[in-house]
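Hi,

Here is the structure I promised to pass on. Have a look at it first, and my notes follow below.

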Amino acid sequence: DVKVTQSSRYLVKRTGEKVFLECVQDMDHENMFWYRQDPGLGLRLIYFSYDVKMKEKGDIPEGYSVSREKKERFSLILESASTNQTSMYLCASTLGQHNEQFFGPGTRLTVL
Amino acid sequence: QKEVEQNSGPLSVPEGAIASLNCTYSDRGSQSFFWYRQYSGKSPELIMSIYSNGDKEDGRFTAQLNKASQYVSLLIRDSQPSDSATYLCAVLNTGGFKTIFGAGTRLFVKA
């Protein structure tokens, strides 16, 4: 079974703090993704990576950065957290031409 | 126009009935289509994928694809209260890296 884990299920941070969200997959998947999910807006792609040290912007990259130093690990960084970044953050990994996505459990981030 | 459109619902069906969920998409070059189930407070879980026109059946679930009409559907037969969830339609874009998700349809199955 594919296993995607995320570092925290719940996180509370203050405005201006630097926030690290980590994602690890154990199936040697090439592609990894970070989404945020908000009510009424659905899943929105922040960044994705198709190889180590490679990254591509998604639809809403502003205010975020990513790091992929090892194949199994993809980190999302909020350089200076703001209240509008309060959301559910979901990591996913995929393998193969059809890009079937396997999601981690999610991190619910609250920025006060 | 949204790239993947779904009726947000809620769709309410009695236990044992057939639930029909629909989705349209805008990228004509898309080749891969998915249905994910998401329980409240949980992450999406892949339940069906379909790549060619026609029907694909897996247990109580049937996915239907019509590329000419740019239409994907999911039928759930003998609906159970445990099927109550939000169902996300997803389409892999022509480039092959980005998956576009619909906003989801909430399904309630009444016991």
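This is a predicted model: local features need pLDDT of at least 70, side-chain atom pairs count only at pLDDT 80 or more; totals for chains, interfaces and linings use all residues.

Residues are numbered from 1 along each chain as its sequence is written, chains are lettered from A and ligands numbered from 1 in the order in which they are written, and side-chain values use heavy atoms, with hydrogens and water left out.

**Chain A as a whole**

Chain A has 11 strands and zero helices (both are DSSP runs numbered from the N terminus: H or I of at least four residues for helices, E of at least two for strands). Along the sequence that gives the pattern β-β-β-β-β-β-β-β-β-β-β. The radius of gyration of chain A is 13 Å, which agrees with the value near 13 Å that a compact globule of 112 residues would have (it is taken over C-alpha atoms, and the globule rule is 2.2 Å times the number of residues to the power 0.38). Taken along the principal axes, the C-alpha atoms of chain A fill a box of roughly 40 × 30 × 25 Å.

Of the 112 residues in chain A, 48% are buried (under 20% relative accessible area; exposed is over 50% and partly exposed lies in between, with a 1.4 Å probe and protein chains only). The accessible surface of chain A is about 5,500 Å², and carbon and sulfur atoms account for 50% of that (Shrake-Rupley method with a 1.4 Å probe; for residues, only the protein chains shown count as cover). Looking at contacts in chain A between residues at least 6 apart in sequence, 55% join residues at least 24 apart (a contact means heavy atoms within 4.5 Å).

**The sheet in chain A**

Chain A holds an open sheet of four strands in the order S1-S3-S8-S7, with antiparallel pairing (two strands pair if DSSP finds at least two bridges between them). Strand S1 (4-6) and strand S7 (64-70) of chain A are the edge strands, each pairing on one side only. On average, neighbouring strands of this sheet are turned by 20 degrees against each other, direction ignored (axes are lines fitted to C-alpha atoms, for helices over the stretch in contact, and angles run from 0 to 180 degrees between N-to-C directions).

In chain B, five strands make an open sheet in the order S1-S3-S8-S7-S6, with antiparallel pairing. Strand S1 (4-6) and S6 of chain B stand at the edges with a single partner strand each, so one side of each has no neighbour in the sheet. The twist from one strand to the next averages 20 degrees.

Strand S6 (residues 54-58) and strand S7 (residues 61-66) of chain B run antiparallel and are joined by five bridges. B:Gly54 has B:Leu65 in S7(B) as its bridge partner, and B:Asp58 has B:Phe61. Two residues lie between the strands of this hairpin, where B:Gly59 takes a positive phi near 65 degrees.

**Disulfides**

How many disulfides does a search of the whole structure find over all chains? There are two (a disulfide is a pair of cysteine sulfur atoms within 2.5 Å).

- A:Cys23 is joined to A:Cys91, S to S 1.8 Å. A:Cys23 lies in strand S3 (residues 19-25) and A:Cys91 in strand S9 (residues 87-95) of chain A, so the pair ties together parts 68 residues apart in sequence. The link of A:Cys23 and A:Cys91 is left-handed, with -75 degrees about the S-S bond. A:Cys23 is buried at 0% relative accessibility, and A:Cys91 is buried at 0%.
- B:Cys23 and B:Cys89 have their sulfur atoms 2.0 Å apart. The pair links distant parts of the chain, with B:Cys23 in strand S3 (residues 19-25) and B:Cys89 in strand S9 (residues 85-92) of chain B, 66 residues apart. The link of B:Cys23 and B:Cys89 is left-handed, with -70 degrees about the S-S bond. B:Cys23 is buried at 1% relative accessibility, and B:Cys89 is buried at 0%.

Happy browsing!
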